[in-house]
Amino acid sequence: MVIPLITPATRGALLVPHPATIDVSHELVEHVAWLLYDRRREINSRWRKLGCFKQALPALARLRKNETLAQVGAGFGVSEATAWRYVDETLDVLASWAPGLHEALTGLGEGDHVIVDGTLIPADRVRADEPYYSQKHKKHGMNVQVIARPDGTPLWFSRATPGRTHDLTAARAHGIVQACLARQILVLADRAYQGAGATVRTPYYHHREQPQHCQEFNRDHARLRAPGERASAQLKAWRLLRRARCSTRRIGTIVQAVHALMTCTYSG
């Protein structure tokens, strides 16, 4: 089967579908399919060319492999516009199931600690798009705050804000500092969060110039905080978030959709 798709990249050419695999479990695809089935019943959707299971696959392929919508559509025998609608609907359904901040912190309290860090989701933007340029990372993108368990298991991902947003500003805006203070949860964070107060603990500046006990504190702090990098790495294992080629307004939805998928994976 050869499907002609007229796009700037493929104008005058034919896209030939070929067998491929997605490194996600069959159970996860089935779970997404059931969510789509409930959605279709809720809106009393008419007949679709692809069933719920096959609609879940293009969205997962887009998230996991960062294929273009033209490639996704060709692979599943639908037009680029139909692939866009299927993927967008699936992402919205998944995002609605992502846990909120207070839900993610359920079961934690005094004596527990979490790791908080900010990560940048790179995005294609021009130099003039100043709000999306991160001086820290020297690239355009969106700031996402990550909360992880002590072993690096992700607990919560925030909505996306423009890349130039400072990590401390973002943490306060998302309510992370206040939520952890209310539950007396110790927060381990890097120097970007200095001045947060409450239960947030950050390392001392000028490590080598500090007294011995301060240097020991910094070493222990770094050792305990290191596993938190795994949460950001697991988020970006979904390749679409390594370099988002979409509207910045959709990046937050994509992050929440991935969060819902990761929650299913860990609970399973």
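Predicted model: local features only at pLDDT ≥ 70, side-chain atom pairs only at ≥ 80, totals over all residues.
- The volume of the largest cavity is about 40 Å³.
- Its lining is formed by Val 116, Ala 171, Ile 176, Val 177, Val 187, Ala 189, Tyr 193 and Val 200.

**Aromatic pairs**

- Across the whole structure, the search returns 2 aromatic pairs.
- One of them joins Trp 34 and Tyr 37, whose ring centres are 5.5 Å apart; the planes stand at 85 degrees, so this pair is classed as edge-to-face, the class for planes over 60 degrees apart.
- Both residues of this pair belong to helix α1, which spans residues 26-43. Trp 34 and Tyr 37 are separated by 3 residues, about one turn of the helix.
- Trp 34 counts as exposed because its relative accessibility is 56%, and the cut-off for exposed is over 50%. Tyr 37, at 36% relative accessibility, counts as partly exposed.
- Tyr 204 and Phe 217 also pair, with ring centres 5.5 Å apart and planes at 70 degrees, so this pair too is edge-to-face.
- Tyr 204 is placed in the loop between β7 (200-201) and α8 (212-225), whereas Phe 217 is in helix α8; the pair therefore ties together parts that are 13 residues apart in sequence.
- The relative accessible area of Tyr 204 is 37%, which makes this residue partly exposed. Phe 217 is likewise partly exposed, at 32% relative accessibility.

- Trp 238 is situated in the loop between α9 (229-235) and α10 (248-267).
- With a relative accessible area of 5%, Trp 238 is buried, because the cut-off for that class is under 20%.
- Over the face of the Trp 238 ring lies Arg 64, at 4.5 Å from the ring centre.
- Lys 65 is 173 residues from Trp 238 in sequence, yet the two C-alpha atoms are 7.1 Å apart in space.

**A buried asparagine in a strand**

- Asn 143 forms part of strand β3, which covers residues 139-148.
- Its relative accessible area is 5%, so Asn 143 is buried.
- At a distance of 3.3 Å, the side chain of Asn 143 reaches the backbone oxygen of Thr 165.

**Positive phi outside glycine**

- Asn 44 is not a glycine, but its phi is positive, at about 55 degrees.
- The position of Asn 44 is in the loop between α1 and α2 (52-65). This residue is exposed, as its relative accessible area is 67%.
- Ala 198, also a residue other than glycine, has a positive phi near 50 degrees.
- Ala 198 is located in the loop between β6 (186-188) and β7. At 39% relative accessibility, Ala 198 is partly exposed.

**Buried loop positions**

- Gly 77 occupies the loop between α3 (69-76) and α4 (80-95). Its relative accessible area of 12% places Gly 77 among buried residues.
- Gly 77 and Lys 49 are 28 residues apart along the chain, and their C-alpha atoms are separated by 9.5 Å.
- Asp 190 is found in the loop between β6 and β7. This aspartate counts as buried, with a relative accessibility of 13%.
- Between Asp 190 and Pro 203 there are 6.5 Å in space, C-alpha to C-alpha, and the two are 13 residues apart in sequence.

Methods:
Residues numbered from 1 in each chain as written. Heavy atoms only, no water. Phe/Tyr/Trp six-rings, centres within 6.5 Å; stacked < 30°, edge-to-face > 60°. Helix = DSSP H or I, 4+ residues; strand = E, 2+ residues; numbered from the N terminus. Buried < 20%, exposed > 50% of the residue type's maximum accessible area, 1.4 Å probe, protein only. Lys NZ or Arg CZ within 6 Å of the ring centre and 35° of its normal. 1 Å grid on protein atoms, 1.4 Å probe; cavity = no way out; pocket = protein on both sides within 12 Å on 5 of 7 lines; lining within 4 Å. Points joined across faces, edges and corners; volume = space filled by probe spheres on them. Polar contact = N/O pair within 3.5 Å; in protein donor to acceptor, adjacent residues only side chain to side chain.
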